[in-house]
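I opened this structure to look up two things.

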Amino acid sequence: MSFLAAHSLFFVLLSTVRWAAGQEGFCSVPPSIVTHSATKPLYWKATNPTLSPDHLQDLPGFTRSVYKRDHAVITPESHVFSPLPNWVNTLGAYLVTPAMGSHFSMFLARMQENSRSGLPPKDVERFVFVIEGSVTFSNGSLIDHKLPVDSYVYLPPNVEHTLESDMAATVVIFERRHASLENYHPEQIIGSTAKQPLLETPGEVFELRKLLPTSAHYDFNIHIMDFQPGEYLNVKEVHYNQHGLLLLEGQGIYRLGDNWYPVQAGDVIWMAPFVPQWYAALGNSRSRYLIYKDVNRDPL
Ligand SMILES: *[C@@H]1O[C@H](CO)[C@@H](O)[C@H](O)[C@H]1NC(C)=O
């Protein structure tokens with residue numbers, strides 16, 4: 001304090017022009033960085049990122065988002081929300097769609113008071129994960145399910161259902177035209193990350209949970225991957241699968257092809273097949289991301 005005060009005073013005395021330059025040179029930590037996250041709800045950073053759209057509004061034209069042939073990073077200040085077809089009181093932002101080359105869609109749905117979901121197109125399966133608030137799931141059976149933050153539901157194609165909310169809630173949704181196999185029929189799954197067992201990850205240090213069964217009934221899975229600060233992927237992965245990723249917590253560096261991106265909770269990444277990919281967790285808290293991966297189908 002006294003040093004800063006003296007320093008400022010020195011500049012004031014020297015000249016107002018130099019003083020202004022000196023102020024600009026001071027590196028002030030935005031309050032959100034020092035906010036203690038232990039008191040906040042789970043995944044709150046995903047909808048309140050450290051470097052939020054509010055922090056970037058004074059930088060005209062600046063975004064961390066990029067869109068390339070084989071990958072995209074889509075950061076919160078460039079999310080564009082508009083009414084979702086057939087949904088009530090809900091705004092959606094499509095973040096990954098087949099227009100990019102993916103075979104799936106990924107979007108955020110911001111449900112408001114008295115909101116209700118619409119159905120996916122015919123033969124399209126749906127995975128819903130709650131990141132803020134809670135939603136009530138019903139498929140017309142007698143039992144409704146309240147889905148709080150961290151819980152999810154998988155719907156096979158052509159299953160009538162609704163998600164409803166009477167308060168603000170945010171969900172991330174993946175949809176894909178189901179790649180059906182004769183004699184294999186996926187079933188509705190309801191669960192939460194916290195109830196999924198930790199799986200073996202030979203040669204790797206991250207913690208892995210899978211939200212869907214690994215059987216051939218399912219043509220994709222959703223993985224939850226946790227890294228402590230300083231941990232990173234050992235395998236510099238290049239593979240046939242495609243990914244849609246939402247960073248739920250933490251920050252780090254994502255390598256995609258020859259590009260190295262600083263990323264934080266709330267960022268979304270699309271990875272096309274075979275793009276070289278690698279993650280290192282940095283900062284001072286756990287990184288957790290949710291990632292779509294197509295599985296169990298012959299790529300031919
Ligand atoms: C509807 O949900 C119930 C659980 O609430 C489940 O037992 C039933 O199988 C579901 N129906 C279909 C068609 O998936």
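I noted a definition before anything else: a polar contact is a pair of N or O atoms within 3.5 Å; within protein, one must be able to donate a hydrogen and the other to accept it, and residues adjacent in sequence count only if both atoms are side-chain atoms. The model is predicted, so I kept its limits in mind: local features need pLDDT of at least 70, side-chain atom pairs count only at pLDDT 80 or more, and totals for chains, interfaces and linings use all residues. Residues are numbered from 1 along each chain as its sequence is written, and side-chain values use heavy atoms, without hydrogens and water.

**Entry: the ligand**

I found Asn 139, Ser 141, Ile 143, His 145 and Gln 188.

Next I checked side-chain N or O atoms against ligand oxygen atoms. For Gln 188 I read 3.0 Å. For His 145 I read 2.8 Å. A polar side-chain atom of Asn 139 lies 2.3 Å from a ligand oxygen. The protein covers 51% of the 360 Å² of accessible area that the ligand has on its own (Shrake-Rupley method, 1.4 Å probe).

**Entry: Asp 219**

I found Asp 219 in the loop between strand S13 (207–210) and strand S14 (220–227); strands are DSSP runs of E, at least two residues. Is Asp 219 buried or exposed? Asp 219 is buried, with a relative accessible area of 0%; buried means under 20%, exposed over 50%, partly exposed in between (1.4 Å probe, protein chains only). Its side chain reaches the backbone nitrogen of Ala 179 at 2.7 Å.

How values were computed. A residue is near a molecule or strand if one of its heavy atoms lies within 4 Å of it. Helices (H or I, at least four residues) and strands (E, at least two) are DSSP runs, numbered from the N terminus.
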